[in-house]
Amino acid sequence: MNITNHASQFWSKSQTEAARQLFGTVIDLPFPQIQVQMTDKEIDDLVEIYLKKVTAYENPTVLCQGEFVFTYRMVHALQKRKIQVVAAQGTLEREEYQDKDQNTVKRTIYRFARFLKY
């Protein structure tokens, strides 16, 4: 199960293959929008909503990465339920240049390396 801001349809072949070996079928659950004005209770409520979605599946493995507080709480809640949780590890290559109209263009390429258990 993929709880990130990066839909699996845009993953590299190597990440997709590694995920299939680890997860089986990859199911995307878009990472929730965590607003700066949200209270602890509102974040905890979102964790509960996502826990219900995850636990609806038999023996899930969850990739969870995103806003730090939600991620920490979600990972902790999943681990309490003995659900395996992983993070993706890779490298970022960044390029910055100006186009023909002198606009600054930034490009980032993510190169997947592996999944690591929390």
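Biologist: Why are helix 2 and helix 3 called oblique to each other, rather than parallel or perpendicular?

Modeller: This is a predicted model, in which local features need pLDDT of at least 70 and side-chain atom pairs count only at pLDDT 80 or more, while totals for chains, interfaces and linings use all residues. Residues are numbered from 1 along each chain as its sequence is written, and side-chain values use heavy atoms, with hydrogens and water left out. Helix 2 (residues 40–55) and helix 3 (residues 68–80) pack at an angle of about 45°, their axes being 10 Å apart. Angles under 35 degrees count as roughly parallel, over 145 as roughly antiparallel, 65 to 115 as roughly perpendicular and the rest as oblique, and the two helices are therefore oblique.

Biologist: Which residues make the contact between helix 2 and helix 3, and what is its make-up by class?

Modeller: Helix 2 contributes Asp40, Ile43, Asp44, Leu46, Val47, Tyr50, Leu51 and Val54, and helix 3 contributes Val69, Phe70, Arg73, Met74, Ala77 and Leu78, where contact means heavy atoms within 4.5 Å. By class there are 11 nonpolar, no polar and three charged residues, given that Ala, Val, Leu, Ile, Met, Phe, Trp, Tyr, Cys and Pro count as nonpolar, Asp, Glu, Lys and Arg as charged, and the others, Gly among them, as polar.

Biologist: How do you know whether Val54 is buried or exposed?

Modeller: The relative accessible area of Val54 is 0%, and buried means under 20% relative accessible area, exposed over 50%, with partly exposed in between (1.4 Å probe, protein chains only), so Val54 counts as buried. Leaving aside neighbours within four places in sequence, Val54 is in contact with Met1, Ile3, Leu29, Pro60, Val62, Met74, Leu78 and Ile83.

Biologist: And what makes Thr71 buried or exposed?

Modeller: Thr71, which is found in helix 3, has a relative accessible area of 8% and is therefore buried. Beyond its neighbours within four places in sequence, Thr71 touches Phe31, Cys64, Gln65, Gly66 and Tyr118.

Biologist: What makes the aromatic pair of Trp11 and Phe115 stacked, edge-to-face or tilted?

Modeller: The structure holds five aromatic pairs, and in this one the centres are 6.5 Å apart with 55° between the planes, which is a tilted arrangement. Rings of Phe, Tyr and Trp (its six-membered ring) pair if their centres lie within 6.5 Å, and planes under 30 degrees apart count as stacked, over 60 as edge-to-face and the rest as tilted. Trp11 lies in the loop between strand 1 (2–3) and helix 1 and Phe115 in strand 4 (residues 104–117), so the pair ties together parts that are 104 residues apart in sequence.

Biologist: How is the pair of Phe23 and Phe115 arranged?

Modeller: Phe23 and Phe115 also form a tilted pair, at 5.6 Å centre to centre and 55° between the planes, and this pair links helix 1 with strand 4, 92 residues apart. Both Phe23 and Phe115 are buried, and Trp11, Phe23, Phe112 and Phe115 form one aromatic cluster.

Methods:
Axes fitted to C-alpha atoms, helices over the stretch in contact; angles between N-to-C directions. Helix = DSSP H or I, 4+ residues; strand = E, 2+ residues; numbered from the N terminus.
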